[in-house]
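I opened this notebook to record what I looked up in the model. The entries follow the order in which I worked.

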Amino acid sequence: MEASETRTQVLPGNDGAWGAATLLSAVGIEKAYRRLGRRRKRAQVLAGAGIELYPGEVVGLVGENGSGKSTFMKVLVGALDADAGTVTTRGRIGYCPQEPLVYSRLTCDEHIELFGRAYGMPDADVRRSRNELYEGLNFARYAGVRVDRLSGGTLSKLNLALALLPDPDVLLLDEPYAGFDWDTYLRFWDLVEARRARGKSVLVVSHFVVDEHRFTRIVDVRDGRTWSR
Ligand SMILES: Nc1ncnc2c1ncn2[C@@H]1O[C@H](COP(=O)(O)OP(=O)(O)OP(=O)(O)O)[C@@H](O)[C@H]1O
């Protein structure tokens with residue numbers, strides 16, 4: 001998706017709130033999952049959730065286990081259809097899912113090449129971004145290693161690097177630092193802060209109270225809705 005492009009996903013429901021600086025707006029998001037074994041019974045996970053993201057923000061998405069944070073993020077990125085609501089985005093969106101979507105037989109380098117092509121990036125941009133990410137997340141020594149031989153923490157680094165590769169305007173990260181050691185955890189926040197300072201927007205699912213001071217804003221997912229604080 002090119003930087004000037006605006007994607008509007010119109011679902012049955014409300015209109016999106018949209019201003020000149022808005023990078024992402026979601027309004028009235030509803031989502032229910034079918035319950036196993038109970039015909040026609042559905043579990044309502046989101047019931048009117050919404051969010052707006054602006055340049056230069058790092059927003060924390062918090063809430064109890066099972067409150068719907070991942071579901072909401074999947075709807076925001078278009079990986080999951082909502083039952084109702086509107087999502088509008090501007091520019092390129094990067095998404096780091098909780099479970100890495102990778103190919104076990106490909107190496108880190110091969111993943112980066114493959115994703116770079118899929119993003120439509122020129123080869124020189126892929127090389128430059130790859131080198132910065134290997135350096136920034138300290139995993140250049142695994143460049144030629146197959147994914148099924150990586151440790152869990154290194155796999156999380158690759159998962160994050162694949163989302164960062166095209167330098168997206170909005171970055172949606174679902175518990176990105178699972179398995180990171182302390183040094184990598186600090187490097188991760190350096191990368192996030194550098195993006196924020198360049199006017200990018202980052203939304204991070206977090207469970208840690210210790211992270212709270214790193215967020216410009218916190219959005220709580222509770223009772224199917226979103227509450228800003
Ligand atoms: N594909 C699915 N089918 C049915 N139910 C689902 C599905 N995905 C999630 N759920 C249910 O929806 C609810 C919200 O799940 P979700 O993963 O969005 O929560 P979460 O806030 O991200 O949780 P956590 O903090 O544990 O990661 C949970 O009750 C979960 O069991």
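**Entry 1: helix 3**

I worked from a predicted model. I looked up the buried residues of helix 3 and found R130, L133 and L137. They cover an arc of only 70 degrees around the axis, which puts them on the same side of helix 3. I then turned to the face of helix 3 pointing away from this buried side, where the exposed residues A124, N131 and E135 sit. What covers the buried residues? I noted that the cover includes helix 2 (108–118), helix 4 (152–164) and helix 5 (182–197).

I checked the length of helix 3 next. Its 15 residues, 123–137, should span 21 Å at 1.5 Å a residue, and the end C-alpha atoms are 21 Å apart, so the two values agree. Just after helix 3, I noted a positive phi of about 60 degrees at N138.

**Entry 2: ligand shell**

I listed the residues around the ligand as Y33, V45, G63, N65, G66, S67, G68, K69, S70 and T71. By class, I recorded two nonpolar, seven polar and one charged residues in this shell. Helix 1 (residues 69–77) supplies the largest share of the shell, three residues.

**Entry 3: whole chain**

I counted five helices and 10 strands in the protein chain. For 229 residues, a compact globule would have a radius of gyration near 17 Å; I found 18 Å for the protein chain, which agrees. Along the principal axes, the C-alpha atoms fill a box of roughly 50 × 45 × 35 Å. Buried residues make up 40% of the 229 residues. Of the contacts between residues at least 6 apart in sequence, I noted that 74% join residues at least 24 apart.

Key
Residues are numbered from 1 along each chain as its sequence is written. This is a predicted model: local features need pLDDT of at least 70, side-chain atom pairs count only at pLDDT 80 or more; totals for chains, interfaces and linings use all residues. A residue is near a molecule or strand if its C-beta atom, placed from the backbone, lies within 6 Å of it. Helices (H or I, at least four residues) and strands (E, at least two) are DSSP runs, numbered from the N terminus. Ala, Val, Leu, Ile, Met, Phe, Trp, Tyr, Cys and Pro count as nonpolar, Asp, Glu, Lys and Arg as charged, and the others, Gly among them, as polar. The expected span of a helix is 1.5 Å times one less than its number of residues. A residue is buried if 20 or more other C-beta atoms lie within 10 Å of its own, exposed if 12 or fewer, and partly exposed in between; C-beta atoms are placed from the backbone. The arc is that of the directions from the helix axis to the C-beta atoms. Two residues are in contact if their C-beta atoms, placed from the backbone, lie within 7 Å. The radius of gyration is taken over C-alpha atoms; the globule rule is 2.2 Å times the number of residues to the power 0.38.
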